[in-house]
Amino acid sequence: MRVLFLTLYPEAAASPRYRVHQFLPYLRKEGIECMVAAPLSEAAWRRHTGPNRRGRALWYHLHETPHRIVELLQAHAYDVVFLQKALMSAYLRGLPTLLRHQAQRLIYDIDDAVHLAPPHALRFPWTLFEDRQQVQRIMAMADTVLAGNTWLVEQTQQYGGVAKYFPTVVDTERFIPPQNIPASFRIGWIGAPSTTSALAVAAPALMEQKNAEIVLVGADPKKVHLACATVQPWSHDTEVSDVQQFSVGILPQHKDTWTRGKCALKALQYMACGVPCIATPYGAICDIIQEGKNGLFADSDAQWRQALDRMRDPAERQRLGEAARATVESRFSLQKAAPQLVQLLRKGEL
């Protein structure tokens with residue numbers, strides 16, 4: 001069996017890394033031949049999205065469009081085409097029709113609210129070539145849609161698609177509890193620079209914390225307005241050890257429609273390491289955390305203060321952290337999800 005994985009970004013981006021690349025060793029072990037194609041190489045992607053980028057959208061489109069069209073024209077040679085997130089960062093007319101014509105069987109994987117707007121919207125006069133309803137069309141035409149949270153399942157069904165709930169998962173053999181628990185009380189956050197603004201939700205409570213370290217891994221320093229916080233660069237090689245040094249992990253969120261498409265990866269990373277999480281009760285996290293059992297919710301400045309104070313108790317952190325780890329092992333682990341994906345690819349069902 002041959003499967004073509006079409007990812008929007010290279011492996012360096014979290015979405016394809018967690019929704020595609022981490023599954024590949026398991027799939028290949030089962031005899032499935034896997035080919036992954038992104039419209040830009042990692043070097044080109046970093047060049048066009050990095051801090052020194054020039055003419056980002058224009059150059060990005062000029063590079064990704066011809067590569068993606070070639071990949072689509074080759075899709076007929078595979079038994080299954082697995083499209084992850086979107087065809088391109090701009091939604092050009094006609095590409096879904098080409099995809100469906102070339103794909104013998106089409107699986108669409110969505111873990112973000114990309115049906116609301118394209119990552120790089122086109123400007124006039126190029127808008128004449130744009131199809132803002134492209135993702136909805138792909139939802140409807142795919143044989144199966146794998147939705148990363150329950151809201152995306154509902155959205156897919158609304159547009160006539162056949163949706164299956166397939167949450168983002170983490171490797172519980174890689175993300176493990178630390179052997180040595182940090183001595184100091186360390187409040188941690190890990191994420192992409194683009195999500196840094198959500199820290200403002202918890203900022204008033206964080207600024208009042210005494211005798212505590214605040215560590216932000218991967219945040220955009222220009223968007224961090226917490227003088228008491230230490231900002232560390234994210235690295236794939238150190239992300240596990242970084243999380244293991246947290247006493248508590250935080251997931252503050254904006255309550256908007258875009259956030260509803262998120263899959264709460266930060267929380268899963270904390271929880272897999274036995275680090276209890278405090279989160280805004282909104283979106284996918286509500287399918288993961290049970291208040292007071294495997295984590296805490298905070299929905300106001302006062303609740304954030306109360307939750308952080310509660311987490312200062314080592315016994316409470318241990319109780320919640322152990323329950324959090326058990327939750328990930330049973331419902332959100334790569335080890336559980338990989339056999340399900342194999343079955344889907346082979347038999348069309350989870």
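A crossing of two helices is left-handed if the near helix is turned anticlockwise from the far one by less than a right angle, and right-handed if clockwise. Helices (H or I, at least four residues) and strands (E, at least two) are DSSP runs, numbered from the N terminus.

This is a predicted model: local features need pLDDT of at least 70, side-chain atom pairs count only at pLDDT 80 or more, and totals for chains, interfaces and linings use all residues. Residues are numbered from 1 along each chain as its sequence is written, and side-chain values use heavy atoms, with hydrogens and water left out.

**Exercise 1.** Describe how helix α11 packs on helix α13.

Solution. 
- Step 1: Find the helices. α11 covers residues 265-272 and α13 covers residues 314-331.
- Step 2: Take the axes, which are lines fitted to C-alpha atoms over the stretch in contact, with angles from 0 to 180 degrees between N-to-C directions. The two axes come within 7 Å and cross at roughly 115°.
- Step 3: Classify the angle. α11 is therefore roughly perpendicular to α13 (under 35 degrees is roughly parallel, over 145 roughly antiparallel, 65 to 115 roughly perpendicular, the rest oblique).
- Step 4: The crossing of α11 and α13 is left-handed.
- Step 5: List the contacts (heavy atoms within 4.5 Å). From α11 come L268, M271 and A272; from α13 come G321, A324, R325, T327 and V328.
- Step 6: Sort these residues. The contact has 5 nonpolar, 2 polar and 1 charged (Ala, Val, Leu, Ile, Met, Phe, Trp, Tyr, Cys and Pro count as nonpolar, Asp, Glu, Lys and Arg as charged, the others, Gly among them, as polar).

**Exercise 2.** Is T259 buried or exposed?

Solution. 
- Step 1: Apply the cut-offs (buried is under 20% relative accessible area, exposed over 50%, partly exposed in between, with a 1.4 Å probe and protein chains only). T259 has 12% relative accessibility, so it counts as buried.
- Step 2: Look for partners. Leaving aside neighbours within four places in sequence, T259 contacts Q253, H254 and Y282.

**Exercise 3.** Locate A13 and relate it to W45.

Solution. 
- Step 1: A13 sits in the loop between β1 (2-7) and α1 (14-19).
- Step 2: A13 has a relative accessible area of 9%, so it is buried.
- Step 3: A13 and W45 are 32 residues apart in sequence; their C-alpha atoms are 9.5 Å apart in space.

**Exercise 4.** Summarise the whole chain.

Solution. 
- Step 1: The protein chain has 14 helices and 12 strands.
- Step 2: Its C-alpha trace spans about 60 × 45 × 35 Å along the principal axes.
- Step 3: Of its 350 residues, 54% count as buried.
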